[in-house]
Amino acid sequence: MAHDTWAKECFVPMKNTTILGFVLLIIIAGGVFLFTKNDASSDDITGNAIANNEIQKITLGIKNYNYYPNTITVKEGIPVRIYLDKSVPGCYRSFTIREFGISKNLRTPEDYVEFIPDKKGTFTFACSMGMGRGKLIVE
Amino acid sequence: MSLRLFVNELNGNRVEGELIKTIIYSLMTSFVILAILYLSSLKYINNFIPKYGLFLFLAALSYALILPSVRQVRAYKEFACMPGMMIGMTIGMISGFLPGYFIGATNGMFYGSIFGMAVGILLGILNGKSCGIMGFMEGIMAGFMGGIMGAMTAVMMINDNLKLAGIILFIISSVILIGLNYMIYKETKENERQLKEDHTFTIFATLILISITTWLMILGPRSVLFQ
């Protein structure tokens with residue numbers, strides 16, 4: 001009898017809400033660990049335009065769910081022509097560069113957008129919904 | 001105040017006192033399956049944890065939050081029209097949206113939508129039917145909408161803060177589901193429990209859901225962008 005009373009006093013069952021508190025702490029720790037693990041393959045990929053007959057040409061493809069390369073460097077004042085290769089799917093073919101007034105649906109790999117980068121700086125190119133995006137650096 | 005009563009009831013003898021245990025049973029089932037799969041084969045997949053880890057983790061947590069609501073609804077079986085419709089809509093929407101988001105983030109919009117709709121509609125119907133045809137219909141519509149919306153949101157965030165958005169959406173969904181648990185408690189305070197069951201259903205449902213989610217995410221078909 002005395003043993004039973006001692007057992008009841010010493011081993012009070014934990015409340016459900018207390019257990020939930022411990023579980024939440026473990027979950028938060030696990031979540032932070034997984035959230036901070038970055039995919040090494042999603043880093044920026046840089047590509048330079050190829051100058052040909054006074055036109056800087058670049059062809060973008062798709063890699064890691066984004067345009068590839070997703071950072072392009074071009075020279076100021078020389079016309080730039082951008083193509084999208086056949087790997088670029090769906091709405092990613094609707095190509096925009098807001099700062100240069102570019103917005104065009106490039107239906108085939110032969111279609112392109114052309115503009116003269118008349119100001120230096122870093123600009124964003126993207127699909128029309130902003131799902132795929134990259135940087136255009138004008139030097 | 002009934003919210004305080006609800007919190008006290010989480011430690012009580014009614015079905016609300018089993019909700020936390022259901023969460024723990026579901027989490028344990030998911031993590032045991034994921035641990036076995038990881039140790040046996042998933043660890044050999046390149047970049048497995050950065051690519052899929054967080055989404056599988058959030059999927060396991062989501063199922064652990066959806067299934068207690070299902071258990072609570074099953075315990076009382078029948079509801080009046082308005083609460084029944086709310087149950088069908090909430091469970092259908094959340095259980096469509098979250099799996100749709102996680103699969104959409106790794107496999108693309110088509111497969112995310114299909115899986116999200118399938119889970120959402122199934123759970124929406126199972127729970128919405130507690131008030132008859134209105135809840136049944138509400139469950140179908142909410143599951144259908146949630147599944148598509150989840151996958152679409154994920155695909156549109158693919159080059160934005162996809163992981164952070166997943167966490168935020170999960171937290172919002174958790175608050176909604178806890179609100180639903182409270183609503184069911186308020187509606188059934190005076191009612192007798194109709195079904196007393198052990199945790200076999202929770203374990204079985206978690207097993208099915210997490211296995212299909214993992215299989216789809218890792219080995220399942222993918223949309224063009226994700227190949």
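1. Helix α3 of chain B is mostly covered: 22 of its 29 residues are buried. A residue is buried if 20 or more other C-beta atoms lie within 10 Å of its own, exposed if 12 or fewer, and partly exposed in between, with C-beta atoms placed from the backbone. Helices (H or I, at least four residues) and strands (E, at least two) are DSSP runs, numbered from the N terminus. This is a predicted model: local features need pLDDT of at least 70, side-chain atom pairs count only at pLDDT 80 or more, and totals for chains, interfaces and linings use all residues. Residues are numbered from 1 along each chain as its sequence is written, while chains are lettered from A and ligands numbered from 1 in the order in which they are written.

2. Check the length of α3(B). The helix covers residues 48-76 of chain B. At 1.5 Å a residue, its 29 residues should span 42 Å, and its end C-alpha atoms are 42 Å apart, so the two values agree. The expected span is 1.5 Å times one less than the number of residues.

3. Now look at what stands on either side of α3(B). B:N47 lies in the loop between α2 and α3 of chain B. Its phi is near 60 degrees, a positive value in a residue other than glycine. B:N47 has 14 C-beta neighbours inside 10 Å, so it counts as partly exposed. B:K77 follows α3(B) and sits in the loop between α3 and α4 of chain B. The phi of B:K77 is also positive, near 65 degrees. Is B:K77 buried or exposed? It counts as exposed, because it has 12 C-beta neighbours inside 10 Å.

4. How do α2(B) and α3(B) pack? They meet at an angle of about 145 degrees, and their axes are 8 Å apart. Axes are lines fitted to C-alpha atoms, for helices over the stretch in contact, and angles run from 0 to 180 degrees between N-to-C directions. The crossing is right-handed. A crossing is left-handed if the near helix is turned anticlockwise from the far one by less than a right angle, and right-handed if clockwise.

5. Several residues make this contact. From α2(B), they include B:L19, B:I23, B:L27 and B:F31. Among their partners in α3(B) are B:L56, B:Y63, B:L67 and B:R71. The residues of the contact divide into 12 nonpolar, four polar and one charged. Ala, Val, Leu, Ile, Met, Phe, Trp, Tyr, Cys and Pro count as nonpolar, Asp, Glu, Lys and Arg as charged, and the others, Gly among them, as polar. Two residues are in contact if their C-beta atoms, placed from the backbone, lie within 7 Å.

6. Two other helices of chain B deserve a look. Helix α7(B), residues 162-188, has 27 residues and reaches 39 Å from its first C-alpha to its last, close to the 39 Å expected. Its buried residues include B:L162, B:F170, B:L177 and B:Y185. The buried residues of α7(B) pack against α2 of chain A, together with α1, α2, α3, α4 and α6 of chain B. Helix α5(B), residues 109-128, reaches 26 Å, close to the 28 Å expected. Of its 20 residues, 14 are buried, so α5(B) is largely enclosed by the rest of the structure.

7. Where do the chains meet? The contact takes 24 residues from chain B and 24 residues from chain A. On the side of chain B, α2, α3, α6 and α7 each supply at least two residues. Helix α3(B) gives the most, with seven residues. By class, this side has 16 nonpolar, five polar and three charged residues.

8. Chain A has two helices and 11 strands. Buried residues make up 17% of its 139 residues. A:V88 is found in the loop between β6 and β7 of chain A. A:V88 is buried, because 23 other C-beta atoms lie within 10 Å. Not counting residues up to four places away in sequence, A:V88 touches A:L60, A:G61, A:I62 and A:R93. The peptide bond from A:Y68 to A:P69 is cis, with omega near 0 degrees. A:P69 is in the loop between β4 and β5 of chain A.

9. Finally, confidence. The mean pLDDT of chain B is 92, and 99% of its residues reach 70 or more. pLDDT is the predictor's confidence in each residue, from 0 to 100. The model scores ipTM 0.71 and pTM 0.82. Where pLDDT is low, the predicted coordinates should not be read in detail.
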